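Subject: Structure handover

Hello,

Here is the structure I promised you. Please open it and keep it in view while you read.

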Amino acid sequence: MARENQRFRREEIRRKILDTALAIGLAEGFDTLSMRKIASAMQYTTTVIYHHLQSKEEVIEAIVQSE
């Protein structure tokens, strides 16, 4: 049960990262998107963002795959 909750939490954070990145990308352009901007918008540290997605390119690729 604890592992399932942990997995759900990871997926929830990842989805929030992607949603935030998409909003920033649509508002400001994907070329200006950065891990720091995502973290700032979410009020998380960049370490948290990098824990879930390794690069800006991976974020954009995940957005494209999910849309």
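Below is what was found, from the overall fold down to single residues.

First, the ground rules. This is a predicted model, in which local features need pLDDT of at least 70, side-chain atom pairs count only at pLDDT 80 or more, and totals for chains, interfaces and linings use all residues. Residues are numbered from 1 along each chain as its sequence is written, and side-chain values use heavy atoms, with hydrogens and water left out.

**Overall fold**

The protein has four helices and zero strands. Both are DSSP runs, numbered from the N terminus: helices are H or I with at least four residues, strands are E with at least two. The pattern along the sequence is α-α-α-α.

The C-alpha trace spans about 40 × 25 × 15 Å along its principal axes.

**The core**

Of the 67 residues, 30% are buried. Buried means under 20% relative accessible area, exposed means over 50%, and partly exposed is in between (1.4 Å probe, protein chains only).

The largest nonpolar core has 16 residues. Such a core is a set of buried Ala, Val, Leu, Ile, Met, Phe, Trp, Tyr and Cys residues joined through side-chain atoms within 4.5 Å. Ile17, Ile38, Ile49, Leu53 and Val59 have the most contacts inside this core. Helices H1 (2–28), H2 (35–42) and H4 (56–66) each supply at least two of its residues. H1 gives the most, with six. In soluble globular proteins, nonpolar side chains tend to be buried together.

Look at Val59. Beyond its neighbours within four places in sequence, Val59 is in contact (heavy atoms within 4.5 Å) with Leu18, Ala21, Leu33, Met35, Ile38 and Leu53.

**Helix H3**

Is His52 buried or exposed? His52 sits in helix H3, residues 46–52. It counts as buried because its relative accessibility is 15%. Again leaving aside neighbours within four places, His52 is in contact with Arg10, Ile13, Arg14, Ile17 and Glu58.

With 29% relative accessibility, Val48 counts as partly exposed. Val48 and Met35 are 13 residues apart in sequence and 9.9 Å apart in space, C-alpha to C-alpha.

Best wishes
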